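Before reading on, please take a moment with the sequence and the structure shown below, and turn the model slowly so that you can follow the chains. The paragraphs after it are meant to be read with the structure in view.

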Amino acid sequence: MTKYILKRIAWIFITLWIVATITFFLMKLLPGTPYTNQAKLSADQIRIMNEQYGLNKPLFTQYWVYIVGLLHGDLGTSFQFNNQPVTYLISNRIGPSMQIGAQAMIIGTLLGILLGAIAAVKQRTWVDSVATFFAIVGRSIPNFVFAVILQFFLAFKLKIFPIALWDGFSSSILPSIALAMAPLADTARFMRTEMVDVLSSDYIELARSKGLSSWQTVAKHALRNSLIPVVTIIGPMAVALMTGSMVIENIFSIPGIGEQFVKSILTNDYPTIMGLTILYSAALLVIYLVVDILYGIIDPRIRLSTTGGKE
Amino acid sequence: MEKILDVKDLEINFHTFAGDVKAIRDVSFHLNKGETLAIVGESGSGKSVTVRSIMGLLANNSNVPNGQIMFKDQDLLKISARQMEKIRGNDISMIFQDPMTSLDPTMPIGKQVAEPLLIHNHMSRAKAMERAEEVLELVGIPNAKNRIKDYPHQFSGGQRQRIVIAIAIVNYPEILIADEPTTALDVTIQSQIIELMKELQDKIETSIIFITHDLGVVAGIADRVAVMYAGKIIEYGSVDEIFYDPRHPYTWGLLNSMPTLESKKLYAIPGTPPNLLNPPKGDAFAPRNEYAMAIDYEAMPPFFKVTDTHYAATWLLHPDAPKVQPPAEILRRHELYHKYLAEQAKGGVPADAE
């Protein structure tokens with residue numbers, strides 16, 4: 001197991017290098033230059049600036065310089081954001097984004113699993129219909145609409161939470177809920193389908209024949225088996241949360257990283273684009289590793305047996 | 001002999017979009033203590049539905065308009081779901097057909113075997129695991145001690161069926177229901193499982209209801225046999241009576257379609273079973289029966305007594321019915337049987353009939 005994880009971590013670094021390389025060259029193909037007011041700049045000024053940022057060197061030299069810096073943990077200096085080092089820019093802003101992302105993930109998957117399981121156990125009753133209705137609503141209404149609804153009722157009318165402010169845990173609740181709606185709906189729908197399938201399987205009938213009550217059967221046998229395919233969608237869901245958080249961050253004025261990413265692309269801020277791309281890729285690769293390890297924990301059939309499970 | 005289970009006038013319908021399917025039509029039978037009763041019949045004849053009603057595991061769209069299932073002075077059809085849960089896996093348990101799908105793939109087998117003990121006996125976890133290990137050893141899982149933490153996928157099909165059996169017998173049930181336990185296994189494993197069940201029956205003194213469509217398996221394990229067709233029992237008797245002196249044309253057809261060493265061509269009963277959405281008013285087998293008489297289409301035959309233990313529901317046994325010649329294979333069986341009975345009457349060593 002340890003050997004497998006170490007191997008996977010090595011692959012994460014190799015993948016990151018490939019991502020960095022591809023992004024680096026693709027980025028240079030972006031139209032325009034990093035200078036927003038190029039028309040006002042003289043040729044000399046541009047030459048001096050290019051020299052300062054190393055943009056006058058051949059492409060491969062630039063690439064080499066960047067990769068060497070990357071290996072030393074140096075992501076370069078942002079062109080746009082007050083000449084801040086990209087590492088500083090990211091570390092300052094990543095916290096809030098990670099927090100609402102993770103909270104949304106936890107709320108979404110846990111509630112989704114619960115809702116889906118209840119719908120499956122009570123299938124074809126009014127409980128199932130209500131749960132299905134919620135899932136459809138959660139999936140089809142965009143999260144920024146939810147955000148505004150939450151702001152209006154819970155913050156503006158009832159004044160339970162702040163409207164748009166970043167100050168402690170209470171201010172992270174509304175954005176997390178707004179962000180959690182889509183993953184919650186997806187998980188619930190997926191969970192219901194799986195659970196309905198599992199509940200009609202032979203081993204559930206055998207569990208019933210042992211004398212387990214229907215709720216015991218669900219808790220001890222059906223839940224775990226239904227979770228196996230649900231784990232699969234957690235990876236793509238994490239991606240959706242990361243990229244989708246930008247709008248939510250804007251609505252709730254959260255000093256997160258989503259805004260920087262969009263701005264950096266629009267302004268050809270090469271080092272920031274690179275830094276954030278690598279960061280997102282790294283986060284994704286780690287999530288996929290965690291998902292794969294989770295698989296093994298839930299399903300013994302795909303447990304990685306380096307010690308040899310069979311005789 | 002003491003009756004441990006008594007099923008009376010059982011009727012079961014399944015509600016479908018097309019209407020009510022009358023899956024079980026007035027079935028009565030009983031199980032004596034310590035015996036093995038085989039229920040045979042083709043797919044869809046109602047064997048599985050009958051035993052699932054005993055276990056209280058019928059599908060949601062079923063209803064039981066009539067009948068009684070008496071076990072220990074209580075009617076299993078009338079007791080609450082909670083009471084039924086106390087009986088299931090404790091007094092009555094079940095072995096399922098397909099060992100590849102009847103074990104939970106995500107739970108170690110030791111835990112699966114120990115589960116009934118934990119529910120019914122409030123045993124400590126450690127003690128239950130110890131018992132599970134003993135029972136796994138008993139059903140022939142080699143090296144059970146080191147394998148209780150293994151998962152189902154680490155066992156072969158035959159071993160998995162042994163584990164399923166271990167789960168069923170771990171609480172020493174009074175009634176063991178086996179729903180085609182050998183159908184999904186290959187022939188050599190089949191005979192091992194049958195042997196195991198016979199051994200276990202002696203060891204734990206249980207009564208068995210054995211469901212199968214394989215008459216060869218029946219001969220090896222049953223004391224008594226009930227033959228089902230289209231939701232009804234049409235003939236029942238001791239295993240010898242059914243195999244060597246059958247009276248219902250359907251039983252003739254079943255036995256005739258069993259390959260023997262002499263048979264050159266395999267016989268098949270012509271036609272298909274009736275649709276139980278609208279069951280026929282007469283004998284359901286009549287359209288496929290070459291011995292059918294006019295009355296077979298008009299009225300359902302009652303049970304006619306052949307011996308004290310042997311009854312068959314066919315108009316052919318009515319005193320006014322014409323004598324018919326059963327198929328050659330059945331006559332051959334008759335002959336063997338009478339030879340065997342004669343020898344027994346002489347007090348000679350009861351030679352094996354076949």
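This is a predicted model: local features need pLDDT of at least 70, side-chain atom pairs count only at pLDDT 80 or more; totals for chains, interfaces and linings use all residues.

Along its principal axes the C-alpha trace of chain A spans about 85 × 65 × 30 Å. Of the 311 residues in chain A, buried residues make up 32%. If one considers the contacts in chain A between residues at least 6 apart in sequence, 74% of these contacts join residues at least 24 apart.

Chain B meets this chain through a set of contacts in which 25 residues of chain B touch 21 residues of chain A. On the side of chain B that touches chain A, helix 2 (81-87), strand 6 (92-95) and helix 3 each supply at least two residues, and the largest share, four residues, comes from helix 3 of chain B. When the residues of that side of chain B are sorted by class, they divide into 10 nonpolar, nine polar and six charged.

Within chain B itself, the next step is to look at the domains. Chain B is divided into domain 1 (1-91 + 179-193 + 206-326) and domain 2 (100-172), and the C-alpha centres of domain 1 and domain 2 of chain B lie 31 Å apart. Where these domains touch, eight residues of domain 1 of chain B are in contact with eight residues of domain 2 of chain B, and the side belonging to domain 1 has five nonpolar, three polar and no charged residues.

How many residues does the largest nonpolar core hold, and which of them touch the most other members? The core holds 136 residues, and those that touch the most other members are B:Val113, B:Leu136, B:Ala166, B:Ile177, B:Ile209 and B:Val227. The largest share of this core, 15 residues, comes from helix 7 (residues 170-199) of chain A. Domain 1 and domain 2 of chain B both give residues to this core, so the core lies between them. Apart from this core lies another, of 12 residues, among them A:Val86, A:Ile257, A:Ile273 and A:Leu276. As a general background, in soluble globular proteins nonpolar side chains tend to be buried together.

Not counting residues up to four places away in sequence, B:Val113 touches B:Ala132, B:Val135, B:Leu136, B:Ile163, B:Ala166, B:Ile167 and B:Val170. B:Val113 is also one of the residues through which helix 3 of chain B meets helix 4 of chain B, where the partners in helix 4 include B:Ala132, B:Val135 and B:Leu136. Helix 3 (residues 109-121) and helix 4 (residues 125-138) of chain B pack at an angle of about 115 degrees, with their axes 8 Å apart, and helix 3 passes helix 4 in a right-handed crossing. By class, this contact of helix 3 with helix 4 of chain B has nine nonpolar, one polar and two charged residues.

The loop between helix 3 and helix 4 of chain B holds B:His122, whose phi is near 50 degrees, a positive value in a residue other than glycine. Most residues other than glycine have a negative phi. B:His122 is exposed, because 8 other C-beta atoms lie within 10 Å. In chain A, A:Asn268 has a positive phi of about 50 degrees although it is not a glycine, and its place is in the loop between helix 10 (258-266) and helix 11 (270-298) of chain A. Is A:Asn268 exposed, buried or partly exposed? With 19 other C-beta atoms within 10 Å, A:Asn268 is partly exposed, because a residue needs 20 or more to be buried.

The walk ends at B:Val49, which lies in helix 1 (residues 47-55) of chain B. B:Val49 counts as buried, because it has 21 C-beta neighbours inside 10 Å. Leaving aside its neighbours within four places in sequence, B:Val49 is in contact with B:Ile12, B:Ala23 and B:Ile24. The C-alpha atoms of B:Val49 and B:Gly231 are separated by 9.2 Å, although the two residues stand 182 residues apart along the chain.

Definitions and conventions: Residues are numbered from 1 along each chain as its sequence is written. Chains are lettered from A and ligands numbered from 1 in the order in which they are written. Two residues are in contact if their C-beta atoms, placed from the backbone, lie within 7 Å. A nonpolar core is a set of buried Ala, Val, Leu, Ile, Met, Phe, Trp, Tyr and Cys residues joined through C-beta atoms within 7 Å. Domain bounds come from an automatic or database domain assignment. Axes are lines fitted to C-alpha atoms, for helices over the stretch in contact, and angles run from 0 to 180 degrees between N-to-C directions. A crossing is left-handed if the near helix is turned anticlockwise from the far one by less than a right angle, and right-handed if clockwise. Ala, Val, Leu, Ile, Met, Phe, Trp, Tyr, Cys and Pro count as nonpolar, Asp, Glu, Lys and Arg as charged, and the others, Gly among them, as polar.
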